Amino acid sequence: MLRGIKRKVQTRTTYLREPFNETLIWPFILTDLMSAKAISEQTGKDFLYKYICTSAAVQNRFRFAQVTAETDLDRLAQEHPWLLTEKLVVKPDQLIKRRGKLGLVGVNLDLNGVKQWLKPRLHKETTVGKAKGILKNFLIEPFVPHKQEEEFYVCIYATREGDYVLFHHEGGVDVGDVDAKAKKLLIGVDEKISEESVKKALLTHAAKDKRAVLASFIVGLFNLYEDLFFTYLEINPLVVTKDGVFVLDMAAKIDATADYICKAKWGDVEFPPPFGREAYPEEAYIADLDAKSGASLKLTLLNPKGRIWTMVAGGGASVVYSDTICDLGGVDELANYGEYSGAPSEQQTYDYAKTILSLMTREKHKDGKVLIIGGSIANFTNVAATFKGIVRAIKDYQQPLKEHEVQIFVRRGGPNYQEGLRVMGEVGKTTGIPIHVFGTETHMTAIVGMALGHRSIPNLPPVAAHTANFLLNTSGAASTPASSRTSSFSDNRAKGVEGSAAEKPVAGPLAKVTTLFTKQTKSLVWGMQTRAVQGMMDFDYVCSRNEPSVAAMVYPFTGDHKQKFYWGHKEILVPVYKNMSDAMKKHPDVDVLINFASLRSAFDSTMETMQYPQIHTIAIIAEGIPEAHTRKIIKAADEKGVTIIGPATVGGIKPGCFKIGNTGGMLDNILASKLYRPGSVAYVSRSGGMSNELNNIISRTTDGVYEGIAIGGDRYPGSVFTDHVLRYQDTPGVKMIVVLGEIGGTEEYTICQAINNGRITKPVVCWCIGTCATMFASEVQFGHAGACANQASETAMAKNTALKDAGAFVPKSFDELGDVIQNVYDDLVAKGVIVPAEEVPPPTVPMDYSWARELGLIRKPASFMTSICDERGQELIYAGMPITEVFKSEIGLGGTLGLLWFQRRLPRYACQFIEMCLMVTADHGPAVSGAHNTIVCARAGKDLISSLTSGLLTIGDRFGGALDAAAKQFSKAFDSGMLPMEFVNKMKKDGKLIMGIGHRVKSINNPDMRVQILKDFVKQHFPSTQLLDYALDVEKITTSKKPNLILNVDGFIGVAFVDLLRTCGGFTRDEADEFVEIGALNGIFVLGRSMGFIGHYLDQKRLKQGLYRHPWDDISYVLPEHMSM
């Protein structure tokens, strides 16, 4: 399950409390789906007891017992005898904070007392803060008698700069504000903890006789924390007595993305849902789909009876839609939260959509229901493919959707979105379901207002049917004049401002560059991402760059070679290197690396890249890199003056200069958002999809984007908002700045400080998403950039207020973001700060053939046609039957052969007959020509394929190939009305052998049991055996002349198969005759005998037989007479 978890958490740059301490609880926590995930107390203690290494005597190891509604306490006592002999503590283990103050801890009880204490609580509903939930999982542990002064508080948690260890000499439920009280020790990234540093920094107020034990335990705990990739670990209280160390209460999070590293120690970790939200089977189903997919599929049920349902593409977009629904008063009716992203296939989207539709059509609502199918503008997801999956689901559920009075509102953009919107609109017309469809011309969240009745639903003209705008030269000329290709919006305003990309500010040789990209920027791409590289080259071309921005690719899984790409109309070759060092040596002008390595390889490849001083910027695309690895990358980058964009990012774009990978989507969006030339507005966002939405908003409300960066959604992005905002402040071409912030962390407050102290003087438009978080009763996991608002100042609302107070331009909601951007821009134009330049058409770029075909713009005769198998979809299909159905139906090998050879689902007896034919023809000993050839070839040292082919080439009319000939001869005679005797006499007169008659060894007196077995089955199961009866009459005539002229196995299979084809009901007479004519029956012998030939080959190899040489005494040497003389 962990493999498929791919979402992110907001960073913190200052010390902040995690939410698990019993003294602190926030109802608006939003936790991450990808990295830091809470584990149960039982799991955390199990890890601690197994793997802690300390000289301190840790007591009560593994002495805990789990209790659920199904637990038999008497049997539990047999498994844990200490339950009968010791005083006990019992408490719920469901991520509940402040259990002691809520009366949810039973102390100093015997087992009967535990039973009585559990009666009014087990499987009963309780309220914790705003959340209501069922108490269903409890933990029983030994009661530890101790004094108050023996209680301590210990906590370790991760931050960007390292891990903080907190210690307070007074622990327990009344510990109070440990943030203010506790001693703190920061262990920096890659630094080691020591007992001396612990004693010096943390234990000054602890009793002297306990300091050694505490220091040893804390060091062991920290090493455990690091080794098992914890992100948070709190023990309160930690009790130290003369008998040793006791871990009483514990709360912890682990970095779920480190599963591939820690699997051996973790085992199969279960992550419990937050208290107050049940774990629904549909959520588990989607989680399983997510784990099996390279895409991201997330679902959280909030209120299954609600009337507002969402199906949103993109992590950031899903948060924005939830915000808007809550802002418009829909929080109590919001049924679910979820998202799909990362280019899921049509089948995956279908499975996701049908789950949503199934859930929303179970209970009717008096006001009907609405489904919001929204999303930002995709960078690389094929919108048409995903929408086709959703359309399939809508068709399947069209009747329930009508019965529940469901209205559907759709808004989407991205690759092939026009086709997606078209099919969505069509299904609305054909099914009668009200489906309102909108594209990029409509603000992203406008459909929420329409769905909730706050906006009127406009009647929009139909959108274009395809994504082909960039095929046309809008200037009307055959080609764009060369002089106009160098014109840009920034030329008149910022000429000469930017030098080379390697230009450093005054701060020193290891300071990071202000200008990341120019028109001369050259990059390396790590990974065989041909589509992304072609997109970069097409962008370069429309930006009128002189050379492609991709100098080379690095791919360690192949040797050095060249990869073909298009540069405008012509093809060029780009070198691909196996080793990074070779690429760097041969391309010294490269200063940017775009790293498409997987989450398992990204750390090593990034660290290797930073060994080369020529690299000043690295974009890390992968999601799910363990946080500990990311922090090491950040530390190394800071030391070497390298700017990191990512991880978990689509990248960034600098119009007219450079784009990272798939940023900005396809060329139609590049042109629509005017990203081929610079504007005046720079932005920074976390979300890749939302960055593309910002491209759209900014292009519609201003003169366009100057630069845009998506810093990535992981908890610790390589660069933060302020890094880029300050760069923009120092870049003359940037006239205003847009920041799309998020709930969690404090980075936005750094922007506030910079505005207040005058470091930032340019207008800043800012909006923090996640305002809905404070409205949810229980913890909700956001699919993208899920953040922990650990104190009120970290909520989106608080940060929006602070930004507004500092002087930033803050809209009332995301709905108004475009309006605020336009107002600020118009003001700058009115003041003369921005002078809009004349628009210049970009060069035209031909569309790739594969994409044009996908859009239905072209057609081409296929080189091949097939009608038996289709592997293109989610599931392999044999003649229309999915492979899962093939196995469910248990049609066997015979049925599979029927599908692939005859394109029919054959009757059961027909399938059995085919299998019997394969069995009886499998082998006939080593002496026959085919087996003999196979054996000789095998003994000559040839491989399996060569030996098998040698044997198969002997099959023909004389050996094994009589099935077709026998079927044709007997059928022709029977169909023409010849009597058996007439047929025999005619063949004799014509001097022809009757195929299928005769055997070297077998005779009427020594029958072939193979034929007898088949005859008994055919006579019992076939509806008619006319041709077989005819052949048996012929046999009577031929055996009367010579006993071995029997109907042999080839002849029998041939005539019986004709009877099968003609009488099973699956074929017309013409179809049956055609299969005989084209050689289908000989295929039975070829397939069956191949099994025997392979057996002979393996037998010879197993027996280690040497080269075969035929003996002289078995050869008659007959030379011409004149030669012998």
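The model is predicted.

**Cores**

Nonpolar side chains tend to be buried together in soluble globular proteins. Here the largest nonpolar core holds 102 residues. Ile 594, Val 739 and Phe 814 have the most contacts inside it. Helix H18 (residues 530-542) gives the largest share of this core, seven residues. A second, separate core has 62 residues.

| Core | Size | Residues, among them |
|---|---|---|
| Largest | 102 residues | Ile 594, Val 739, Phe 814 |

What does Ile 594 contact beyond its neighbours within four places in sequence? Its partners include Ser 523, Leu 524, Val 525, Trp 526 and Met 536. Ala 619, Ile 621, Phe 658, Ile 660 and Gly 661 are also in contact with Ile 594.

**A helix pair**

Helix H34 (residues 962-975) packs with helix H40 (residues 1080-1102). The angle is about 150 degrees, and the axes are 7 Å apart. Angles over 145 degrees count as roughly antiparallel, so H34 and H40 are roughly antiparallel to each other. The crossing of H34 past H40 is right-handed. H34 brings Ala 962, Leu 963, Asp 964 and Ala 967 to the contact. H40 brings Ala 1080, Leu 1081, Asn 1082, Ile 1084 and Phe 1085. Seven of these contact residues are nonpolar, one is polar and one is charged.

**A loop residue**

Ser 376 sits in the loop between strand E18 (369-373) and helix H12 (383-396). Is Ser 376 buried or exposed? Ser 376 is buried, with a relative accessible area of 3%. Leaving out residues up to four places away in sequence, Ser 376 touches residues including Ala 313, Ala 317, Arg 411, Met 444 and Glu 693.

How values were computed: Residues are numbered from 1 along each chain as its sequence is written. This is a predicted model: local features need pLDDT of at least 70, side-chain atom pairs count only at pLDDT 80 or more; totals for chains, interfaces and linings use all residues. Side-chain values use heavy atoms; hydrogens and water are left out. A nonpolar core is a set of buried Ala, Val, Leu, Ile, Met, Phe, Trp, Tyr and Cys residues joined through side-chain atoms within 4.5 Å. Buried means under 20% relative accessible area, exposed over 50%, partly exposed in between (1.4 Å probe, protein chains only). Helices (H or I, at least four residues) and strands (E, at least two) are DSSP runs, numbered from the N terminus. Contact means heavy atoms within 4.5 Å. Axes are lines fitted to C-alpha atoms, for helices over the stretch in contact, and angles run from 0 to 180 degrees between N-to-C directions. Angles under 35 degrees count as roughly parallel, over 145 as roughly antiparallel, 65 to 115 as roughly perpendicular and the rest as oblique. A crossing is left-handed if the near helix is turned anticlockwise from the far one by less than a right angle, and right-handed if clockwise. Ala, Val, Leu, Ile, Met, Phe, Trp, Tyr, Cys and Pro count as nonpolar, Asp, Glu, Lys and Arg as charged, and the others, Gly among them, as polar.
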